[in-house]
Amino acid sequence: MLHGDFSEASGAEAARVLLARRSLPQAVVCANDQMAIGVLREFQRARVAVPADVALTGFDDVYPSRLTAPSLTTVSQPLRELGVRATRRLLARIEDRALPPETDVLPTRMVIRASCGCSPPAGAGTDR
């Protein structure tokens, strides 16, 4: 496990660490799409083929993940709703600092694209 700061640059740095190892992993799962894009670009510079050599996934389903080559397999989450709920919670906490912590679980959806090298299962989202 390598840690990053959710930026494309930290994904590229993680890829350089992986490239320096004796062998590459079969797959790289990134905490967000920006890091995955950084990994993808660094692998491409090193002539590592995604997904033929290493499968790659991200998380968030940001628009640029559709534009990479290969397109990025990711997990889509309702970012707008996440922002709405966070804003409401922040405003409520400003009004009442005694509000206890709360957990919201929002739905996610796997979006199978080319970077994982697999076919989408029945019912899974895809927009290759």
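**Close-up 1. The link of Cys116 and Cys118 is a left-handed disulfide.** The model shown is predicted. The angle about the S-S bond is -90 degrees. From S to S, the distance between Cys116 and Cys118 is 2.5 Å. A search of the whole structure finds one disulfide.

**Close-up 2. Cys30 has no cysteine sulfur close enough for a bond.** The closest cysteine sulfur belongs to Cys116. The sulfur of Cys30 lies 13 Å from that atom, so the gap is too far for a bond. A disulfide needs the two sulfur atoms within 2.5 Å. Cys30 is also buried, at 9% relative accessible area.

Close-up 3. Leu91 is part of helix H3, which runs over residues 79-95.

**Close-up 4. The largest pocket has 16 lining residues.** Its volume is about 320 Å³. Nearest the centre of the pocket lie Met1, Leu2, Ala14, Val28 and Val29. Which helices and strand each supply at least two residues of the lining? They are helix H1 (8-19), strand E1 (27-29) and helix H2 (33-45).

Technical notes:
Residues numbered from 1 in each chain as written. Predicted model: local features only at pLDDT ≥ 70, side-chain atom pairs only at ≥ 80, totals over all residues. Heavy atoms only, no water. Helix = DSSP H or I, 4+ residues; strand = E, 2+ residues; numbered from the N terminus. Buried < 20%, exposed > 50% of the residue type's maximum accessible area, 1.4 Å probe, protein only. 1 Å grid on protein atoms, 1.4 Å probe; cavity = no way out; pocket = protein on both sides within 12 Å on 5 of 7 lines; lining within 4 Å. Points joined across faces, edges and corners; volume = space filled by probe spheres on them.
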